[in-house]
Amino acid sequence: MAKRIDVKDLNVYYGSFKAVEDVTMTVEPRSVTAFIGPSGCGKSTFLRTLNRMHEVIPGGRVEGSVRLDDEDLYAPGIDPVGVRRTVGMVFQRPNPFPTMSVGDNVAAGLRLNGVKNKKLIAETAEQSLRRANLWNEVKDRLGKPGAGLSGGQQQRLCIARAIAVSPQVLLMDEPCSALDPISTLAIEDLITELKSQYTIVIVTHNMQQAARVSDRTAFFNLAATGKPGRLIEMDDTPKIFSNPTERATEDYISGRFG
Ligand SMILES: Nc1ncnc2c1ncn2[C@@H]1O[C@H](COP(=O)(O)OP(=O)(O)OP(=O)(O)O)[C@@H](O)[C@H]1O
Ligand SMILES: [Mg+2]
């Protein structure tokens, strides 16, 4: 059976700087995969190659292959906009459309996809905001600018915006980093709920979160500053947290370095 995501021998560059080296991994459909590892090891960089967002950065390029349901995402003729529609993303820094209202932020993707039915748009927006645990805080200010929300609210707004279009694959880069414990648990519940239909990859620095929500965990590490990040080990999450194969993984998850 085709893997949902199948990455082979991937190198990722910023100009001449190789940020990520030699990643090979597969991700099953209807699963949650956590990416963990120290700051700067290339988790965000690698994540962005999975929906062709890396190349929007000047000098950004990749070598190797990324296949989604057996289709090469980097083959000539593949439309990156279509890829990004199928593979949604929540960025590490919340990036609501600043001049757009809260409601329009959530509806933006639907409108882009050609949905015109106002009632459907409003219902989907409400449902997405509820699932992102933001509805109660914004239901009376849907017409106000998205940029007027707090950092944690903006993060949840971006989660609502991403799930509103029901992407097949959802990439979430530290989606809970600015959230209080209640919203964090709500987002973890959302991830678990979405897993029955979609495929989710989440970057997190929170080990408990990785252990709670993910089926598989990938540990990335950096040999030294200025060297590319590498995938050290990927396995079932309970195995990574109880009995990892690599010493570096063990040191990282137990808080020992060097
Ligand atoms: N736009 C960019 N231009 C050049 N180098 C970059 C750019 N973004 C990231 N890098 C470099 O690529 C490497 C990987 O960065 P990346 O942001 O992917 O790490 P990360 O694992 O997500 O870290 P964190 O946990 O802090 O978010 C780092 O050396 C970083 O300095
Ligand atoms: Mg990052």
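Is Arg52 buried or exposed, judged by relative accessibility? Arg52 counts as buried, at 11% relative accessibility. Buried means under 20% relative accessible area, exposed means over 50%, and partly exposed lies in between, using a 1.4 Å probe and protein chains only.

Some ground rules. This is a predicted model: local features need pLDDT of at least 70, side-chain atom pairs count only at pLDDT 80 or more, and totals for chains, interfaces and linings use all residues. Residues are numbered from 1 along each chain as its sequence is written, chains are lettered from A and ligands numbered from 1 in the order in which they are written, and side-chain values use heavy atoms, with hydrogens and water left out.

Back to Arg52. Its phi is near 60°, a positive value in a residue other than glycine. Arg52 sits in the loop between α1 and β4 (60–68). Helices (H or I, at least four residues) and strands (E, at least two) are DSSP runs, numbered from the N terminus.

Now Asp69. Asp69 also has a positive phi, about 45°, and is not a glycine. You will find Asp69 in the loop between β4 and β5 (71–72). Asp69 is partly exposed, with a relative accessible area of 41%.

Next, the metal. Which residues coordinate the magnesium ion, ligand 2? Ser44 does, through OG, and Gln92 does, through OE1, at 2.0 to 2.3 Å. Donors here are N, O and S atoms within 2.8 Å of the metal (3.2 Å for Na, K and Ca); water is not among the atoms, so sites may look incomplete. The two residues are 48 apart and link distant parts of the chain. Ser44 belongs to helix α1 (residues 43–49), while Gln92 is in the loop between β6 (87–90) and α3 (102–112). Ser44 is buried, with a relative accessible area of 15%. Gln92 is partly exposed, at 33%.

On to α3. Of its 11 residues, 8 are buried, so α3 is largely enclosed by the rest of the structure. The buried ones are Val102, Gly103, Asn105, Val106, Ala107, Ala108, Gly109 and Leu110. Their cover includes α4 (118–131), α5 (135–138) and α6. Just after α3, Gly114 takes a positive phi of about 90°.

Now helix packing. Two packed helices are described by the angle between their axes and the distance between the axes. Axes are lines fitted to C-alpha atoms, for helices over the stretch in contact, and angles run from 0 to 180 degrees between N-to-C directions.

Take α4 and α6. Their axes come within 8 Å and cross at roughly 130°. That makes α4 oblique to α6. Angles under 35 degrees count as roughly parallel, over 145 as roughly antiparallel, 65 to 115 as roughly perpendicular and the rest as oblique. From α4, Thr124, Ser128, Leu129 and Arg131 meet Leu157, Ala160, Ile163 and Ala164 of α6. Contact means heavy atoms within 4.5 Å. By class, this contact has 5 nonpolar, 2 polar and 1 charged residues. Ala, Val, Leu, Ile, Met, Phe, Trp, Tyr, Cys and Pro count as nonpolar, Asp, Glu, Lys and Arg as charged, and the others, Gly among them, as polar.

Last pair. How do helix α6 (residues 151–164) and helix α7 (residues 181–194) cross? Their axes come within 12 Å, at roughly 15°. That makes α6 roughly parallel to α7. Arg156, Ile159 and Ile163 in α6 meet Ser183, Ile187, Leu190 and Leu194 in α7. That contact has 5 nonpolar, 1 polar and 1 charged residues.
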